[in-house]
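Here is a set of questions and answers on one protein model. Keep the structure open while reading.

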Amino acid sequence: MSREISALSELVQRESIFVDRLLSEVGRVIVGQRTMIERIIIGLLTGGHVLLEGVPGLAKTTAIKSVADALALHFARIQFTPDLLPADLIGTTVYNAQRGEFSVRRGPIFANIVLADEINRAPAKVQSALLEAMQERHVTIGDTTFKLPDPFLVLATQNPIEQEGTYPLPEAQVDRFMLKVVVSYPTMAEERDILDRMTGPQTPEISRVITPEQIASARSVIAQIYMDDKVKDYILNIVQATRDPDRYRIKDLKPLIEYGASPRATIALTQAARAHAFLRHRGFVTPEDVKNIGFDVLRHRVLLTYEAEAEEVSSEHVVQRIFDGVEIP
């Protein structure tokens with residue numbers, strides 16, 4: 001077994017060389033925000049959609065655009081607004097008077113990487129159309145179903161402070177996002193670097209460093225990364241603890257949780273932990289990989305009760321207590 005893991009680690013080290021080049025290339029435009037960039041890459045390498053939440057001006061959109069520029073993939077940006085229609089997203093049928101027939105005009109959703117900017121500003125019908133695309137990887141225009149390109153990834157942003165003119169995302173759609181990343185402010189040193197770089201005479205440009213073939217190859221390698229049964233049990237215990245914390249002797253937590261994480265969270269945490277190990281050039285998963293990525297997988301999947309809201313308890317607090325309470329293998 002140790003020889004197999006050693007051979008797998010060598011394979012991962014060869015296949016993951018592009019990760020450092022990608023981080024370096026994006027780092028020419030984005031100062032700091034290493035966690036956010038890594039989460040976007042994890043989404044790309046696992047096919048899991050990513051939701052970025054943060055106040056305006058934290059380079060969420062710029063980070064997504066920079067990663068897309070470094071890839072030889074089709075990128076589309078959709079600015080979500082209250083008057084957006086499903087046809088604006090997926091496309092529609094158009095009547096051609098000269099030919100006397102209808103033809104399909106495809107929407108911007110037919111791209112490899114779709115930036116859904118300020119996703120919580122779109123009404124329910126648009127959210128429903130996006131949900132089908134995210135989950136089924138196809139869309140329906142008229143009476144015809146069209147398959148979306150591969151790879152297909154939705155990277156969405158939302159503003160947590162301005163609620164006027166916004167629509168809460170349906171819980172079913174929120175669960176479709178593999179990761180929800182909370183973007184924080186830069187440090188003073190990072191902000192000084194941003195100041196110097198973005199107010200200089202020349203704005204850095206991104207060069208392409210990855211091909212679709214490299215992404216496909218990396219995905220196949222990530223699926224092979226070794227995960228010990230004890231680590232799998234650790235993931236299962238964490239997810240189970242979100243549903244029944246009393247079983248794990250985590251006191252006073254059950255009244256704060258309305259619904260725990262679904263089995264989709266177990267799958268997402270497993271895939272994301274493997275991808276996290278890949279970014280660290282390892283051929284095996286450790287409990288630290290699970291802990292490092294766990295907050296982004298679980299924070300939007302643990303629904304709190306009114307009692308928790310009244311006590312101003314956040315989902316991050318609940319997830320932290322779960323990780324503190326579940327024994328590490």
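Two strands pair if DSSP finds at least two bridges between them. Helices (H or I, at least four residues) and strands (E, at least two) are DSSP runs, numbered from the N terminus. The model is predicted: local features need pLDDT of at least 70, side-chain atom pairs count only at pLDDT 80 or more, and totals for chains, interfaces and linings use all residues. Residues are numbered from 1 along each chain as its sequence is written, and side-chain values use heavy atoms, with hydrogens and water left out.

Q: In what order do the five strands of the open sheet lie?
A: Strands of a sheet pair through backbone hydrogen bonds, either parallel or antiparallel. Here the pairing is parallel. The order is β2-β5-β8-β1-β9.

Q: Which are the edge strands of this sheet?
A: An edge strand pairs on one side only. That applies to β2 (75-79) and β9 (177-182).

Q: By how much are neighbouring strands of this sheet turned against each other on average?
A: Axes are lines fitted to C-alpha atoms, for helices over the stretch in contact, and angles run from 0 to 180 degrees between N-to-C directions. For this average, direction is ignored. The value is 15°.

Q: Which residue in β5 stands opposite Q79?
A: β2 and β5 (residues 113-117) pair in the parallel sense. Five bridges join these two strands. Opposite Q79 stands D117.

Q: At what angle does α3 run to β9?
A: Helix α3 spans residues 34-46. It lies across β1 (49-53), β5, β8 and β9. Its angle to β9 is about 175°.

Q: Is V50 buried or exposed?
A: Buried means under 20% relative accessible area, exposed over 50%, partly exposed in between (1.4 Å probe, protein chains only). V50 sits in strand β1. Its relative accessible area is 0%, so V50 is buried.

Q: Which residues does G43 touch, not counting residues up to four places away in sequence?
A: G43 belongs to α3. It is buried, because its relative accessibility is 0%. Contact means heavy atoms within 4.5 Å. By that rule G43 touches G48, V50 and L153.

Q: How far apart in space are G43 and L179, C-alpha to C-alpha?
A: In sequence, G43 and L179 are 136 residues apart. V50 is in contact with both G43 and L179. C-alpha to C-alpha, G43 and L179 are separated by 7.6 Å.

Q: What is the relative accessible area of T157?
A: T157 is found in strand β8 (residues 153-158). Beyond four places in sequence, its contacts include L51, L52, K60, T61 and I64. L115 and D117 are also among them. T157 is buried, with a relative accessible area of 2%.

Q: Which residues of β6 point to one face and are buried?
A: Side chains alternate along β6 (residues 138-141).

Q: Which residue in the turn of the β6-β7 hairpin has a positive phi?
A: β6 and β7 (residues 144-147) pair in the antiparallel sense over four bridges. V139 stands opposite F146 in β7. Two residues lie between the strands of the hairpin. The residue with a phi of about 65° is G142.

Q: How far apart are the axes of α3 and α9?
A: Two packed helices are described by the angle between their axes and the distance between the axes. α3 and α9 pack at about 85°. Angles under 35 degrees count as roughly parallel, over 145 as roughly antiparallel, 65 to 115 as roughly perpendicular and the rest as oblique. The two helices are therefore roughly perpendicular, and their axes are 8 Å apart.

Q: Which residues of α9 make the contact with α3?
A: The α3 side supplies L44, L45 and T46. The α9 side supplies I215, A218, R219 and I222.

Q: Which residues in α11 meet α9?
A: α9 (residues 212-222) and α11 (residues 263-279) pack at about 115°, with axes 10 Å apart. From α9 come A218, V221 and I222. Their partners in α11 are R274, A275 and F278.
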